[in-house]
Structure formats: C-alpha cells, structure tokens
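Let's take a look at a protein model together. Have the sequence and the 3D view ready.

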Amino acid sequence: MSEDLLSSRRIYEGRIVNLRVDSVRLPSGRITEREIVEHRGAVAIVALDEEENVLLVNQFRSAVGEELLELPAGTLEPGEDARACAFRELQEETGYVAEHLEELYLFYASPGFCNERIWLYLATGLTLGSQRVESDEIIEVVRIPLDRALEMIGTGEICDGKSILGLTAAGAKLLTL
C-alpha cells in the first residue's frame, strides 16, 4: 500500500518544527490531504550509573501543561549526528558525561502526523561534569533506581512515551546480562 503525492505546500516554518499539507491519491483513487509535522529528529538517553540508578529530568512541558519526569533528550542540530547529539544533550541536561553509549532503538514518535525519529541510547560509565541547560530550560535532575522508575511507569508517574520505551528497554537489557 502506498499513496501518490500530488502536491505539497509548507504552511509554517518554525525553529523546531515545520508544518506542510500534502495532497495525496489513495490506492482507491480517492484524493485527500495529509497534515505533516516535519522535525529534524531527536535523541533520548537512558543514563545508568554503576548502582543501576537512572538519571531523569523533571521539567514543565507547555504542550501538556504539566511537569513531566523524562529521560534526558533533545533535538538534533541541522546536520548533527545522533550519537554526537546524545553525548551533548546528556551533558547539557544532566551535567554527566558518558564513557559508553549504545544505541538501543530508532523509532518514530507519532507517525500518524509527524516524521520525527528518535534515537534511543543507553549511556554508562557516567562522570559528573557541569550542566549546561539552554536559557529557556528549567531542569531538575532526578536520580532514582531503575526498578523504581519501572514501577513509576505502572503508576502513571512516568507517562512520556520515549521514557517508557527507554526505561523498559534498559530493564529488559539488564535482565539478559
């Protein structure tokens, strides 16, 4: 199954996302429109210390109107490699530098309307450096046992998709070691 692209027009260009409207022909012959959010992509990092604690960040998210407890994460700069972005974002948001970085997954966050891909990494061998948050970010770093973080998914205290995927993937990985 596929759709034939008939036309595309960008209706918004922003700092983080663009919005375009595509006119497509479905296999049935019907013509319809698709609203597509374009995004450069992002990374999310499961930063795990030697005692199996994870570093999470607590921050207010305007889109949902509340504070969320999440994995450290961030958007790729134009032309930036995802691995380099993961090292950068981990230090910016938490102050920690990782000795080892292993890619766990590459996934689409919301493929029904957005092309954003998120590279998910496991960071180990952590050394504290200096946090360098951006001027528009207020981030509290929270260190909790991985087991507790997994419980918090079950209670709804952690409800961010990339964080749920990352924490469960890290938990599964540790069970197989």
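What you see is a predicted model, in which local features need pLDDT of at least 70 and side-chain atom pairs count only at pLDDT 80 or more, while totals for chains, interfaces and linings use all residues. Residues are numbered from 1 along each chain as its sequence is written, and side-chain values use heavy atoms, leaving out hydrogens and water.

Let's start with the glutamates. In the table, buried means under 20% relative accessible area, exposed over 50%, and partly exposed in between (1.4 Å probe, protein chains only).

| Residue | Relative accessibility | Class |
|---|---|---|
| Glu-70 | 1% | buried |
| Glu-52 | 41% | partly exposed |

Glu-70 belongs to strand S6 (residues 66–70); strands (E, at least two residues) and helices (H or I, at least four) are DSSP runs, numbered from the N terminus. The side chain of Glu-70 makes a polar contact of 2.7 Å with that of Arg-61. Here that term means a pair of N or O atoms within 3.5 Å; within protein, one must be able to donate a hydrogen and the other to accept it, and residues adjacent in sequence count only if both atoms are side-chain atoms.

Glu-52 sits in the loop between strand S4 (42–48) and strand S5 (53–61). Its phi is near 65 degrees, a positive value in a residue other than glycine.

Now for the helices. Leu-146, Ala-149, Leu-150 and Ile-153 of H2 meet Ile-164, Leu-167, Thr-168, Ala-170, Gly-171 and Leu-174 of H3, where contact means heavy atoms within 4.5 Å.
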